[in-house]
Amino acid sequence: MSETAAEKNPPQNRLFTFDSGAGSLPWLLALATILLMILTLRTEGRIWWCKWDTPLHFWTFDAWSKHTSQHFIDPYFFTHILHGFLFLWFLDLFFHKLLGKKISFAWLLFFAVLAESFWEVVENSPTVIERYRENTASLDYFGDSIANSVGDIAACASGFIIAYGLRFWRSLALFVVVEIFLILTIRDSLLINILMLIHPIDAIKVWQTGGG
């Protein structure tokens with residue numbers, strides 16, 4: 001039996017495969033992970049939706065209002081899209097570069113959802129909330145609503161899919177563009193957020209609060 005053209009010339013630069021053999025398990029695990037995150041956040045006292053939201057709104061675009069982190073979408077939705085970029089790059093480095101293995105898209109997306117869900121729980125712990133309030137410009141931050149955390153998961157998954165489609169260099173260029181856009185519009189970004197959480201810089205905090 002002769003080989004087909006595709007078998008003789010397999011596609012190149014395909015980091016991951018859409019392996020149908022993955023079945024439904026990774027999708028079910030991803031859903032279970034999100035439900036477990038919701039249950040954990042609710043147990044820890046997180047509210048379902050913004051308590052100041054009357055009438056009901058799906059989003060807010062004011063980064064410095066009490067509605068931020070309380071709606072399904074807010075300006076920080078875009079930083080969580082970039083989470084998806086970072087997770088894809090890390091998974092590529094780990095599985096493809098270090099282990100030399102390919103893994104199905106469904107499993108990779110599950111790992112991204114798992115990581116983002118874990119971060120949502122950690123981010124809403126009293127210790128991290130207080131660190132945000134002390135070291136960043138988020139003086140009125142008291143944690144996310146559950147709706148916002150679910151929105152963050154959706155943003156991360158969307159970013160993961162976008163980065164997968166663009167591949168590394170184009171996704172890196174888009175990452176930089178989004179970072180610059182956020183800095184210019186809300187005086188914050190994913191990288192600044194990480195920096196201020198780990199190693200706060202007073203000059204940046206003053207600039208973010210309009211003092212510089």
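A: What follows takes the confidence of the model, then its ring pairs, and then its nonpolar cores.

This is a predicted model, and the chain averages a pLDDT of 85, with 85% of the residues scoring at least 70. Confidence is highest in helix H2 (residues 25-43), at a mean of 97, and lowest in helix H1 (residues 5-8), at 46. Over residues 1-18 pLDDT stays under 50, and for this stretch the model has 20 contacts beyond four places in sequence. Where pLDDT is low, the predicted coordinates should not be read in detail.

Turning to the rings, the structure holds 14 aromatic pairs. One of them joins Trp107 and Phe110 in an edge-to-face arrangement, with 5.8 Å from centre to centre and 85° between the planes. These two residues are separated by about one helical turn, because they stand three residues apart in helix H4 (residues 105-123). Trp107 is partly exposed, at a relative accessible area of 22%, whereas Phe110, at 10%, is buried. Another edge-to-face pair is formed by Phe168 and Trp169, whose ring centres lie 4.9 Å apart and whose planes make an angle of 70°. Here Phe168 counts as partly exposed, at 34% relative accessibility, while Trp169 is exposed, with a relative accessible area of 67%.

Trp107 and Phe110 also belong to a cluster in which ring pairs link them with Phe90, Phe94, Phe95 and Phe111. A ring can also be faced by a charged side chain: Arg167 lies over the face of Tyr164, at 4.6 Å from the ring centre.

As for the nonpolar packing, the largest core has 27 residues, and those with the most contacts inside it are Leu82, Phe85, Leu108, Phe160 and Phe175. Helix H3 (77-98), H4 and helix H6 (146-186) each supply at least two residues of this core, and H6 gives the most, with nine residues. Apart from this core lies another, of eight residues, among them Ala30, Met37, Val113 and Ile153. Within the largest core, Phe175 is one of the residues with the most contacts, and, if residues up to four places away in sequence are not counted, Phe175 touches Leu82, Phe85, Leu86, Trp89, Leu190 and Leu191.

How values were computed
Residues are numbered from 1 along each chain as its sequence is written. This is a predicted model: local features need pLDDT of at least 70, side-chain atom pairs count only at pLDDT 80 or more; totals for chains, interfaces and linings use all residues. Side-chain values use heavy atoms; hydrogens and water are left out. pLDDT is the predictor's confidence in each residue, from 0 to 100. Helices (H or I, at least four residues) and strands (E, at least two) are DSSP runs, numbered from the N terminus. Contact means heavy atoms within 4.5 Å. Rings of Phe, Tyr and Trp (its six-membered ring) pair if their centres lie within 6.5 Å; planes under 30 degrees apart count as stacked, over 60 as edge-to-face and the rest as tilted. Buried means under 20% relative accessible area, exposed over 50%, partly exposed in between (1.4 Å probe, protein chains only). A charge sits over a ring if NZ of Lys or CZ of Arg is within 6 Å of the ring centre and within 35 degrees of the ring normal. A nonpolar core is a set of buried Ala, Val, Leu, Ile, Met, Phe, Trp, Tyr and Cys residues joined through side-chain atoms within 4.5 Å.
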